[in-house]
Amino acid sequence: MAAYTDHLEHATIYHRGPDDSDESDGDGGLGNLSRLIVRPPGQSGKAKRGQLCFDAAYETGNLGRADHVTDLEYDLFLRPDTCRPRARFWYNFTVENVKQDQRVIFNIVNLGKEMTLYNTDMTPLVRSTSRQKWQRIPRRLIFYHRSLAHRGRKILSIAFAFDREEDVYQFTAAAPYSYSRCQRHLSVWEKKAQTFAKRESIAQTTQNRRVDLVTIGNFDVKENEPKDENAVKGKPLESKKRVIFIMARAHGGESASSFICQGFLDYMASSSEKAKALRNNIAIQVIPMLNPDGVFLGNQRSDLLGSDLNRCWNRTTTFAHPALVAIKEHLNKLYSEKGIQLDFIIDVHADISHEGVFVRGNTYDDVYRQVAC
Ligand SMILES: [Zn+2]
């Protein structure tokens with residue numbers, strides 16, 4: 001393997017998404033490749049066309065290493081989550097300085113899990129500067145196999161042909177949804193929804209990003225709200241405001257969770273009669289991005305300090321888990337308010353090994369169980 005850091009003088013610069021912030025350039029995670037030209041052993045000097053340049057040093061980017069195997073084949077190593085070496089699934093990188101009709105095989109050789117949707121129909125996504133719409137690479141060009149050349153590990157091989165020399169190509173596990181995009185969407189959304197919603201930041205992450213809380217509707221109890229039908233005769237229970245709490249994107253690699261959350265917020269701000277009825281009768285609170293640092297850095301599961309935020313609700317500290325601490329305090333406050341009934345807490349994820357839509361949760365004999373934080 002011979003790889004040298006270089007700067008391509010002639011290559012086009014990757015066209016970033018309109019929602020990604022300028023300051024995210026070159027700052028997308030610790031240990032990502034930053035415009036690395038991967039050459040055959042023993043070669044140096046000015047890069048020739050066809051000597052591929054890999055880059056993942058941008059927001060949500062992830063690629064830690066690229067090895068030249070042959071002119072046709074490259075071994076690619078995902079950059080593990082910060083402070084969590086076993087979490088390796090998300091990838092998002094660009095390739096440029098390609099030759100017209102150049103064919104390659106990219107082997108992703110260090111996926112952290114074997115049982116994934118690559119065993120079924122899932123395939124990586126690709127786009128290029130002249131074709132910005134994401135496309136799935138056809139299944140017949142994807143091989144998820146055990147490789148003797150890689151000590152029997154299960155690797156993901158992608159056969160690909162570059163068809164436009166001037167384009168920068170971007171490969172990713174799923175359509176990215178960055179922290180900047182979330183902020184941009186919320187800024188537009190809050191203006192549209194200002195008559196019935198408010199947005200605030202309830203915590204700052206370790207890297208000083210906002211943890212937004214959006215409240216749709218209000219906590220006022222209406223006079224004519226139906227009384228609880230289980231009320232003892234002559235002693236009606238007081239009306240309570242029903243509240244639903246939704247969180248998304250605890251895990252950086254699960255961008256689908258953010259698309260669902262954005263769709264939900266857009267629906268709630270729409271003129272649909274159902275959305276209006278929900279706004280008028282219940283309060284809905286949403287944390288659109290629980291793990292902004294992990295999302296920004298291109299981590300699969302953890303935040304900056306290696307915490308899996310879905311696994312440490314019961315051992316939070318203000319230093320390591322400011323978002324979780326703020327949310328727990330908030331939920332406890334809601335729960336202790338007499339006029340409020342917290343009906344659901346929904347945590348939206350995506351999954352790398354299960355298809356379709358499903359719900360996971362604890363089961364309790366008492367459906368009106370206490371909310372335990
Ligand atoms: Zn998850």
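Let's start with a pair of residues: F93 stands opposite F171 in β12. Strands here are DSSP E runs of at least two residues, helices are H or I runs of at least four, and both are numbered from the N terminus. What we have is a predicted model, in which local features need pLDDT of at least 70 and side-chain atom pairs count only at pLDDT 80 or more, while totals for chains, interfaces and linings use all residues. Residues are numbered from 1 along each chain as its sequence is written.

Back to that pair. Strand β6 (residues 92–96) runs antiparallel to β12, with 4 bridges between them; two strands count as paired if DSSP finds at least two bridges. Strand β8 (residues 125–128) also pairs with β12 in the antiparallel sense, again over 4 bridges, and V126 has F171 as its bridge partner. Is β12 buried or exposed on its two faces? Both faces of β12 (residues 169–172) are covered, with Y169 and F171 buried on one side and Q170 and T172 buried on the other. Buried means 20 or more other C-beta atoms within 10 Å of the residue's own, exposed means 12 or fewer, and partly exposed is in between, with C-beta atoms placed from the backbone. As a reminder, side chains in a regular strand alternate between the two faces of the sheet.

Now the overall picture. The protein has 5 helices and 17 strands, and 35% of its 373 residues are buried. Of the contacts with a separation of 6 or more, 73% link residues 24 or more positions apart; a contact means C-beta atoms, placed from the backbone, within 7 Å.

Next, an open sheet. Which strands form it, and in what order? There are 5, running β13-β14-β16-β15-β17, with mixed pairing. The edges are β13 and β17 (340–348), each pairing on one side only. On average, neighbouring strands in this sheet are turned by 20° against each other, direction ignored. Angles like this come from axes fitted to C-alpha atoms, for helices over the stretch in contact, and run from 0 to 180 degrees between N-to-C directions. β15 and β17 are parallel and joined by 8 bridges, and V243 sits opposite L342 in β17. Helix α2 lies across β14, β15, β16 and β17, at about 145° to β15.

Beyond its neighbours within four places in sequence, L290 contacts M247, A248, R249, A250, L309 and A323.

On α1, the buried residues are Y179, S180, R181, C182 and L186, and they pack against β13, β14, α2 and α4.

Finally, confidence. pLDDT, the predictor's confidence in each residue from 0 to 100, averages 88, and 86% of the residues score at least 70. Residues 1–17 fall below 50, with 39 contacts in the model beyond near neighbours in sequence. Residues 22–29 stay under 50 too. Where pLDDT is low, the predicted coordinates should not be read in detail.

Technical notes. Contact = placed C-beta atoms within 7 Å.
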